[in-house]
Amino acid sequence: MNRQSDMEKWAALYVRLSRDDENEGDSNSISHQIDLLTRYCKEHGISDYKVYKDDGFSGTSFNRPGFQEMLTDIEAGLVGAVIVKDMSRFGRNYLEVGLYTEVRFPELGVRFIAVNDGVDSERQIDNDLTPFRNIMNEWYAKDTSKKIRSVFYNKGMSGQRLSTNIPYGYIKGTDGSLAIDEETAPVVKEIFELCAEGNGTGRIARTLRERRIPTPGTIEFRRTGRTRNYHPDDPFRWSDSSVANILAQDAYLGRTTNFKTTKLSYKSKKTVENPPEKWVTFENTHEAIIDIDTWDTVQKARQQRRRPTKLGDMGMFSGMIYCADCGQKLYLCRTSTWTHEQEYYNCSTYRCHRGCSPHYVRATVLEELVLQNLQRVMSYAQEDEKQFVQTLLDEKNAMRSKEREKAKRQLSKHERRIAEIDGIVQKLYEDNYSGKLTDERFAKLSEGYEQEQAELKATVEKLRADVDDAEEQAKDIERFTKIVRKYLYPTELTPSLLHSLVDKIIVHEREKVDGEITQKIEILYSFVGVNEFSPEYHKK
C-alpha cells in the first residue's frame, strides 16, 4: 500500500490496562487515559486521531490485539504519531519498548509522545531519561510478577485449589471447594468403568455420543452461557481427547494437586508442564467420585498402549501380553472369516520379520488358562485370606531376604562412616580455628569429606528404601486382596476382572518335554507380581 502524505495521517492514541494495574485505582483506567489523551490532542491542535485499546493485557508482551492493530496501520503509512499517557502504558519490556520508540518508529517517520513523562521524539534533548524509565517500568512488572507468584505459592501450599477450571463431575460448593454434581458425576463413573473393562477412549466417546450424553462444553453453555468447547450443531460431540482428559484427572480421587503447570518467565504467558516431582498433592480435600482401585486399574490400562485390529476392536489381552524372549508385545491375529476359536496371539518382532520366534498362543486357550488361574487365586484368597497373605509374604521375603540382609549391613556401615566424617570435620574446624590448619588446607580437606558424606547419604536413602521394602510389600498385598474381595467366584473372564487383577502376561516359546509339547505362561498379578499360583506350563 502506498504511504499517505503527512497531512492525511492520524494520531494513534494508545491506551492499555492490565489486571494488576486495576489495583492502582482510577488513574490508570481506560476511560481516564482516553480523556487525558483527547484533551492533549485538543490543546495541541490535533483533530484527526484514532483510539487503540487493550483492556486486560500485560505490558510485558506486545502480542496485544489493540497494539497489533495500531502497528498494522503504522506499517501501512496511516499513522503519523503515537501518543500514550506514560511509558508504562506503552509497555513494560524495556528492550522491546526501546526497539519501537528508538528504532522502528523513527525509521517509519512516526512521532512518539508520552504525555505524563514529558517524552517527545521531536525534542531529542528531553529524552535522555527515557531508557531509564523503560528499565524502571520493567522492574515494576518483574516485582509485581514476583509478588503474585508468592501469593499463588502460599495459596497452593496451603492446600487450596489453584486451578480455576472446575472438573467435569463437580460444581463449586458454597465454601469454594469442589462439590459432587449429581447430573454429571454418574457419567464420570461410567467413563472410568468402561475404561476399566478394557474400552479405549475412542470407543468410550462413541458410546457417549450414541447415548446422546451432553459434552462438558454443552453443560457449561447451558449453565453459564459460555460458548467455549460448545458445538451448537452437535451438543453430544464427545471426542477421545475429552475422555482422555477426564481419565487423567486425579481430582476425582478427592485430592487437590497443585503446581502441575508453570510459566517460564513474567515476560511469557506460555504455560508449560511441571515434572511430577514438583507437584504438591493434598488428600481428602473434597468428596471423591472414583475409588483408588478403579483409578489404578484405569491408569494401568491407559499406560498399556493397545492397537485395534483391522476389524476395529481390540483383543482382551492386547497391551498386556509380552514375549518372554524379545520383550515385545504379542498382537492379536484375526480375520472377518475366522471364528473366535481360530484367533491367536504371536510375537510382534516375529510378525515384522525382525527375528525372534512366533510364541504362538490361541486366544481361547489363554482365556481359559488365565480364568482357571484367577479362580484358583481368588478361591484361596477368599477361603483363607490370612494364610493367603502369609503365603505371598513368605514367597516374596524368601526371594529378597538375602538382598535385604546385605542392604542392612551396608546401611549400618555407611551410617557409621557418616558419623565418623562429622567428627573429622568438627576436628578440622577446631584445628583451623586454633591456627594449626591453614584456611586453604581446611577448605580442601573439608570439601573432600563433605563430598564423600553427601554420596554416602544418597546411598543410605536408597538402602533404607530397600530395607523398608517389606512394609511396602505388605501394603501391596493388602491392596491386591482388597480388589479380590470385590469379586465373587468368576465363571467367565471379563476385561474388568482381567485389568483389575492382572498386570502382565509373559508367553514363552513352545518346547518339547518328554515327547509332549508344552508352553510356559507367566502371570504377573497387580501389586504382587509372579507367585506360586501362576501357571508354569500349558500342555498342547
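Biologist: Two strands count as a pair if DSSP finds at least two bridges between them, so which residue in S16 is the bridge partner of Cys 323?

Modeller: In this predicted model, the bridge partner of Cys 323 in S16 is Val 507. Strand S16 covers residues 502–507, and three bridges join S12 to S16, with the two strands running parallel.

Biologist: OK, and which strands form the open sheet, and in what order?

Modeller: The open sheet is formed by three strands in the order S12-S16-S19, and the pairing is mixed. Strand S12 (321–323) and strand S19 (521–525) are the edge strands, each of them pairing on one side only. On average, neighbouring strands of this sheet are turned by 25 degrees against each other, if direction is ignored.

Biologist: Which strands does H12 lie across?

Modeller: H12 lies across S12, S16 and S19, and its direction is at about 50 degrees to that of S19.

Biologist: Let's switch to the core. Which residues touch the most other members of the largest nonpolar core?

Modeller: That core has 35 residues, and those touching the most other members are Phe 317, Ile 321, Tyr 345, Leu 366, Val 370 and Ile 505. Helix H12, which spans residues 363–383, gives the most to this core, with nine residues.

Biologist: And what does Ile 505 touch?

Modeller: Leaving out residues up to four places away in sequence, Ile 505 touches Phe 317, Met 320, Ile 321, Tyr 322, Leu 366, Val 370, Ile 521 and Glu 522. There is also a second, separate core of 27 residues, which includes Cys 195, Ile 213, Leu 247 and Ile 289.

Biologist: New topic: at what angle do H7 and H9 pack?

Modeller: Helix H7 (residues 201–210) and helix H9 (residues 240–247) pack at an angle of about 105 degrees, and their axes are 8 Å apart. Angles from 65 to 115 degrees count as roughly perpendicular, and therefore H7 and H9 are roughly perpendicular to each other.

Biologist: Which residues meet there?

Modeller: From H7 there are Thr 201, Gly 202, Ile 204, Ala 205 and Leu 208, and these meet Asp 240, Val 243, Ala 244 and Leu 247 in H9.

Biologist: Last one, for the whole chain: how many helices and strands are there, and what share of the residues counts as buried?

Modeller: The protein chain has 16 helices and 20 strands, and 42% of its 540 residues count as buried. Its accessible surface comes to about 30,700 Å², with 49% of that belonging to carbon and sulfur atoms. Among the contacts with a separation of 6 or more, 64% are between residues 24 or more positions apart.

Key. Residues are numbered from 1 along each chain as its sequence is written. This is a predicted model: local features need pLDDT of at least 70, side-chain atom pairs count only at pLDDT 80 or more; totals for chains, interfaces and linings use all residues. Side-chain values use heavy atoms; hydrogens and water are left out. Helices (H or I, at least four residues) and strands (E, at least two) are DSSP runs, numbered from the N terminus. Buried means under 20% relative accessible area, exposed over 50%, partly exposed in between (1.4 Å probe, protein chains only). Contact means heavy atoms within 4.5 Å. Accessible areas come from the Shrake-Rupley method with a 1.4 Å probe; for residues, only the protein chains shown count as cover. A nonpolar core is a set of buried Ala, Val, Leu, Ile, Met, Phe, Trp, Tyr and Cys residues joined through side-chain atoms within 4.5 Å. Two strands pair if DSSP finds at least two bridges between them. Axes are lines fitted to C-alpha atoms, for helices over the stretch in contact, and angles run from 0 to 180 degrees between N-to-C directions. Angles under 35 degrees count as roughly parallel, over 145 as roughly antiparallel, 65 to 115 as roughly perpendicular and the rest as oblique.
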